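Here are my notes on the model, as numbered points. Please read them with the structure open.

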Amino acid sequence: MMNITINQGGSMMKRRMIAGLLCGLIVAAPITALADSKDDRIAELESEVAALQETVADLKEQLAAGKSTNQDAYNIGEPWVVEGQWKLTVDSVEETDERNEYSDYHPAAVYIVTFTYENIGFEDPDGFSDGLYFVLDDSIVDAGGKMGYSYPGEVTMYPQETPVGATCEGQVCIGVDHPGSFKINVEHYDGNDVEQKATFNVTVDQ
């Protein structure tokens with residue numbers, strides 16, 4: 001009788017241990033599942049936040065492109081924006097030692113000006129052009145206050161008539177009699193036949 005009692009007690013202990021383990025597994029399973037669910041939700045929220053940030057950045061860029069700027073003058077890298085028409089930026093200036101032997105000009109300095117313009121909504125009211133077109137080699141005022149001029153130097157990017165929604169990067173070559181920083185005065189009629197004007201201060205490192 002004694003042996004039977006001992007065996008029954010051992011069996012009861014085993015049953016209790018197994019029952020305890022099962023309870024632990026049952027409790028742990030939902031916790032693990034909950035943790036996995038939280039991780040998935042966090043990843044999903046992070047993705048949504050990134051998408052929202054990208055949307056906000058796009059909206060800011062669109063607002064900046066569509067709102068007119070009103071400055072006395074623009075420096076390199078500062079866009080001139082005419083609302084609903086265009087955005088024009090002088091990107092850089094580089095001096096070149098190259099000279100054209102066939103030119104009648106004998107400039108003291110020659111510069112390559114790189115610029116970018118975006119057609120926000122300009123359409124030629126007279127229908128003469130197929131898009132927006134800028135060339136920045138007119139109305140140059142050099143460091144000595146003398147008028148500069150277009151110079152037949154080498155450029156690699158040429159301005160083109162650019163339709164609405166497109167962007168064009170162009171270059172012009174100019175000559176001056178007084179080396180150093182200069183101004184570019186730009187005049188252009190918008191799609192409503194209103195003349196728009198801007199001045200760009202082009203700083204040249206000496």
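1. **A helical salt bridge.** The side chains of R41 and E44 meet in a salt bridge, 3.1 Å from N to O. A salt bridge here is a side-chain nitrogen of Lys or Arg within 4 Å of a carboxyl oxygen of Asp or Glu. Both residues lie in helix α1 (residues 2–66), three residues apart, about one turn of the helix. Helices (H or I, at least four residues) and strands (E, at least two) are DSSP runs, numbered from the N terminus. R41 is partly exposed at 40% relative accessibility, and E44 is partly exposed at 41%. Buried means under 20% relative accessible area, exposed over 50%, and partly exposed in between (1.4 Å probe, protein chains only).

2. **Basis of the numbers.** This is a predicted model: local features need pLDDT of at least 70, side-chain atom pairs count only at pLDDT 80 or more, and totals for chains, interfaces and linings use all residues. Residues are numbered from 1 along each chain as its sequence is written, and side-chain values use heavy atoms, with hydrogens and water left out.

3. **The other salt bridges.** How many salt bridges does the rule give? The count comes to three. E118 pairs with K87, and their closest N and O atoms are 3.8 Å apart. E118 lies in strand β4 and K87 in strand β3 (residues 86–96), so this pair ties together parts that are 31 residues apart in sequence. E118 is partly exposed at 24% relative accessibility, and K87 is partly exposed at 21%.

4. **A loop-to-loop pair.** K146 and D177 form a salt bridge through their side chains, 2.8 Å from N to O. K146 lies in the loop between β5 and β6 (149–150), and D177 in the loop between β7 (167–176) and β8, so the pair ties together parts that are 31 residues apart in sequence. Relative accessibility is 43% for K146, which counts as partly exposed. D177 is also partly exposed, at 26%.

5. **The main core.** Which residues have the most contacts inside the largest nonpolar core? They are W80, L88, F134, F182, I184 and F200, in a core of 27 residues. At least two residues of this core come from each of β2 (80–82), β3, β4, β7, β8 and β9. The largest share, five residues, comes from β4. A nonpolar core is a set of buried Ala, Val, Leu, Ile, Met, Phe, Trp, Tyr and Cys residues joined through side-chain atoms within 4.5 Å. In soluble globular proteins, nonpolar side chains tend to be buried together.

6. **F134 and a second core.** Not counting residues up to four places away in sequence, F134 touches W80, W86, L88, F115, Y117, P159, V186 and H188. Contact means heavy atoms within 4.5 Å. A second, separate core has six residues, including Y149, Y151, V155 and C173.

7. **V186.** This residue sits in strand β8. V186 is buried, with a relative accessible area of 5%. Leaving aside neighbours within four places in sequence, V186 is in contact with W80, L88, F134, L136, Q196, K197, A198 and F200. V186 and S139 are 47 residues apart in sequence, yet 7.3 Å apart in space, C-alpha to C-alpha.

8. **Strand pairing.** β8 and β9 pair in the antiparallel sense over eight bridges. F182 has V202 in β9 as its bridge partner. Strand β1 (residues 74–75) pairs with β9 in the parallel sense over two bridges. There, N75 has N201 as its bridge partner. Two strands pair if DSSP finds at least two bridges between them.

9. **Positive phi at D193.** Where is D193? It is in the loop between β8 (182–189) and β9 (195–202). The hairpin of these strands has five residues between them, and D193 takes a positive phi near 65 degrees there. D193 is not a glycine. Most residues other than glycine have a negative phi. D193 is partly exposed, with a relative accessible area of 46%.

10. **Positive phi at S139.** S139 has a phi near 55 degrees, a positive value in a residue other than glycine. S139 is found in the loop between β4 (109–119) and β5 (140–141). Its relative accessible area is 32%, so S139 is partly exposed.
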